[in-house]
Amino acid sequence: MNNLYLNKLSLVQFKNYQEASLAFSPKINCFVGDNGVGKTNLLDAIHYLSLTKSFFNNIDQQNILHGKDFFVLQGEFVKKGHSEKVFCSVRQNKKKIFKRNNKDYERFADHIGLFPVVMISPADSSLILEGSEQRRRFMDTVISLYNKQYLHALIRYNRALLQRNKLLKQFEFKRENFYDELELWDTQLVVPGNEIYQKRKEFIEKVIPVFQQYYNTISEEKEKVGLEYRSQLHESNFETLLVTNRDKDRVMQFSTVGVHKDDLMMSLNDHPLKKTGSQGQQKTFLVALKFAKFGFIRDLTHTKPILLLDDIFDKFDAHRVSQIIRMVAQNEFGQIFITDTQLEHLENILQELDTDYKVFKINEEIKTVIPGGET
Amino acid sequence: MSHFPSKLLEEAVEAFAGLPGIGKKTAFRLVMFLLRQDQDVVEHFGQTIIRLKKEIRYCRSCNNISDKEICDICANKHRNHSLVCVVESPQDVMAIENTGQYHGIYHVLGGLISPVDGIGPNDLVTAPLEEKINKGEVKEIILALSTTMEGDTTNFYLFRKFKDTPVKITTLARGVSVGGELEYADEVTLGRSIANRTLFEDTFTL
């Protein structure tokens, strides 16, 4: 297992920071301050250096400090004992520049996976509350990390689906041999569709035990949770499904069966989580799921990802908070960044644990963070 | 740029700007260039384009662009007329001809099946090919279409159409490019090359 941590971070004109420069603990780092001072922006800066983009805003230019025309982020990671410098700059109306050890990247994708991070944020609740697309994307992003063929299958599937749906809308103009033409696109859907189905099934089977273990640890085994992969392909093979639903597809003018209808069923004591779970329970569910993702990335990259916990204490009771902190302080996790508005309850737990940590008080008046804080 | 001193100028700019890859500014530069040329140069230019559209033909045998009813390739007795390479466009014929490796004839479909672009199977030109196959003149067709979703779909359409005839249906090999370094090949291509590996013996007979 490779050791990875972010040693230093400097920001220039990034979001609400004029300039800041920080040196971190290799284990636990806490950003403490009032709402709106920019705690989460520090996490986002780390996210940038890892994944070449913001967790929150995909438009690079919008992350520049208001009224300025560029931002620069620089990080010094330590991986396997070696120092690695990562540089990112975004200028108004210019291409983003991304460098590792002073060398430009030709493809940003080459950077992803070198310094893995996992962000746990209140925005994750969309996974429970919003449509099934969010849950498919969760599966897809993790599987794509270790299976390039999967990403290719997804691209092919989506292209074939687009063409098939377009064709279904043209029925009025080409009644003749319509099903013959439709069948051409069925064939194109079936191959990548089956591949996606298989890979998602395997993935969820692997995730479930890990996820359940994390959930039990955080909740101290109070609830029974379920995670289940739902797909129309469970019942029948894809080819047959497409044939039997032809008339329906024609009337609806889109493809009603396939892996684009897949979903993850999340349940609590055998009831749907979305309806019956309390906010704290829902959040426990999400955190356990993200930890499972963490474990996946760790095993794939042989590196403990950096964990970014944004506003983790919101909606949790004291027990669960202390369970989470205890858990992440253990050796199976690497470097952690935590944001919180108050220091007290966090510090109480940290002092109990025999672990290295550093607290950064984020100051409102000057957007220059004083490095160090108390240890 | 919006105030042209002449209506004729504006119309000419509009016409050029309608071409693919040409914006308003480039169109204006081209028009101004033409305007500065001698009368006969510009007339020749115009006539060339008018004749192109009026007089060009599509080969009755293969649907390639031609000056005659039957193109030079189809008229060539020395070529192998039992081997037909199916391509999307005349550009593809030129690309394969440039290899100097192919001595059969061609069939130009004129497009690929793509509902997004409003092209269905009936919009493809297949009649001359069908006719040749039905007459038993063809032993093998090589499907040489793009490796896109639309190319694959069209391949499958043609396969379904001709699979019950005695014609052998083959398709272009997909794999690592010649002279390419393995580490730079994309994972999908490399994966496919491993799945479709060939006997080494066959590699030095080419």
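Visitor: How many salt bridges are there between chain A and chain B?

Guide: In this predicted model, the count between the two chains is 3 salt bridges.

Visitor: What makes the meeting of R156(A) and D152(B) a salt bridge?

Guide: Their side chains come to 2.6 Å, N to O. The cut-off is 4 Å from a side-chain nitrogen of Lys or Arg to a carboxyl oxygen of Asp or Glu, so the pair R156(A) and D152(B) qualifies.

Visitor: Turning to chain B, why is α1(B) called oblique to α2(B)?

Guide: Helix α1 (residues 7-17) and helix α2 (residues 24-36) of chain B pack at an angle of about 125 degrees, with their axes 8 Å apart. Roughly perpendicular covers 65 to 115 degrees and roughly antiparallel starts over 145, so this angle makes α1(B) oblique to α2(B). The crossing of α1(B) past α2(B) is right-handed.

Visitor: Which residues of α1(B) meet α2(B)?

Guide: From α1(B) come L9(B), A12(B), V13(B), E14(B), F16(B) and A17(B); their partners in α2(B) include K24(B), F28(B) and M32(B). The residues of this contact divide into 11 nonpolar, no polar and 2 charged.

Conventions
Residues numbered from 1 in each chain as written. Chains lettered and ligands numbered in written order. Predicted model: local features only at pLDDT ≥ 70, side-chain atom pairs only at ≥ 80, totals over all residues. Heavy atoms only, no water. Axes fitted to C-alpha atoms, helices over the stretch in contact; angles between N-to-C directions. Helix = DSSP H or I, 4+ residues; strand = E, 2+ residues; numbered from the N terminus. Parallel < 35°, antiparallel > 145°, perpendicular 65-115°, else oblique. Left-handed = near helix turned anticlockwise from the far one by under 90°. Contact = heavy atoms within 4.5 Å. Nonpolar A, V, L, I, M, F, W, Y, C, P; charged D, E, K, R; others polar.
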